[in-house]
Amino acid sequence: NGSYTTTVPAPTVAVDSTTVIAGNLTLNKAQALDAACAGPTGGTTYTIGNLSAKPGQCVLYQITATNVGSADATVVVVSDVTPTYTKISSAAVTTVGAVTGPAVGATGAISATIGTLAPAQSAVVTFGVKIDQ
C-alpha cells in the first residue's frame with residue numbers, strides 16, 4: 001500500500017439457526033401407469049422410481065405424508081404441480097383434510113390442507129395426469 005496503512009477487516013460471521021421440533025414428516029411420492037386413464041383404483045400399484053410413459057398415456061401420482069416424530073405435526077399442507085406437458089386426468093383427492101386443484105383437462109397447483117397429523121399418522125394425496133400428445 002505504499003505509505004498507506006490499512007487495518008485488516010474483522011471477520012464476518014453469519015449465524016443461521018434452525019429450530020427442529022419433535023413433529024417430523026416424511027414425504028414419499030410414488031407413481032403408477034394408468035393405462036385406461038380411469039383414475040386410481042383399489043388395485044393400483046405405485047412405485048417410487050422411474051416410470052416410462054408416452055404421449056397420450058396417463059400417470060397417477062401418490063404423495064404420502066407421514067408423521068415420524070413423537071409430537072403432533074400441525075398445519076400440514078402438501079403441495080405439488082402438474083408436470084410440464086401434462087394436464088389433470090383425475091382430480092386430486094386426499095385421505096385426510098381437504099384438497100384443491102385444477103379441473104380435469106387443466107394444469108396448475110394441487111394443494112392438500114391436511115391439518116394435524118398425530119405421531120405415526122399418514123395422509124395420502126392422489127392425482128392423475130395425461131401426457132400431452
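**Reading the calls: core, sheets and disulfide**

Me: What makes Val78, Ile110, Ile114, Leu117, Val125, Phe127 and Val129 stand out in the largest nonpolar core?
Reply: Of the 19 residues in that core, these seven touch the most other members. A nonpolar core is a set of buried Ala, Val, Leu, Ile, Met, Phe, Trp, Tyr and Cys residues joined through side-chain atoms within 4.5 Å.

Me: Which elements give two or more residues to this core?
Reply: They are strand 2 (58-67), strand 3, strand 4 (86-94), strand 6 and strand 7 (122-131). Strand 7 gives the most, with five residues. Strands are DSSP runs (E, at least two residues) numbered from the N terminus. In soluble globular proteins, nonpolar side chains tend to be buried together.

Me: What kind of model is this, and how are residues numbered?
Reply: It is a predicted model, where local features need pLDDT of at least 70, side-chain atom pairs count only at pLDDT 80 or more, and totals for chains, interfaces and linings use all residues. Residues are numbered from 1 along each chain as its sequence is written, and side-chain values use heavy atoms, with hydrogens and water left out.

Me: Which residues does Ile114 contact, leaving aside its neighbours within four places in sequence?
Reply: Val76, Val78, Thr94, Val96, Gly97, Ala123 and Val125. Contact means heavy atoms within 4.5 Å.

Me: Why are Cys37 and Cys58 called a disulfide?
Reply: Their sulfur atoms are 2.0 Å apart. The definition asks for a pair of cysteine sulfur atoms within 2.5 Å, so the pair qualifies. The structure holds one disulfide.

Me: Why is the disulfide of Cys37 and Cys58 called right-handed?
Reply: Because the torsion about its S-S bond is about 100 degrees.

Me: What does the pair tie together?
Reply: Cys37 lies in the loop between strand 1 (25-34) and strand 2, and Cys58 lies in strand 2, so the pair ties together parts that are 21 residues apart in sequence.

Me: Is Cys37 buried, exposed or partly exposed, and which is Cys58?
Reply: Buried means under 20% relative accessible area, exposed over 50%, partly exposed in between (1.4 Å probe, protein chains only). Cys37 has 27%, so Cys37 is partly exposed. Cys58 has 1%, so Cys58 is buried.

Me: Why does Ser89 count as buried?
Reply: Because its relative accessibility is 18%, and the cut-off is under 20%. Ser89 is found in strand 4.

Me: How do you know that the side chain of Ser89 makes a polar contact with Val129?
Reply: A polar atom of the Ser89 side chain lies 3.2 Å from the backbone nitrogen of Val129. A polar contact is a pair of N or O atoms within 3.5 Å; within protein, one must be able to donate a hydrogen and the other to accept it, and residues adjacent in sequence count only if both atoms are side-chain atoms. Leaving aside neighbours within four places in sequence, Ser89 is in contact with Cys58, Val104, Gly128, Val129 and Lys130.

Me: How do you know that strand 1 and strand 2 pair?
Reply: They share ten bridges, in the antiparallel sense. Pairing requires that DSSP finds at least two bridges, so the strands pair. Ala32 stands opposite Leu60 in strand 2.

Me: How many bridges join strand 5 to strand 6?
Reply: Three, and these strands run antiparallel. Ala98 has Thr113 in strand 6 as its bridge partner. The open sheet here has three strands in the order 3-6-5.

Methods
Helices (H or I, at least four residues) and strands (E, at least two) are DSSP runs, numbered from the N terminus.
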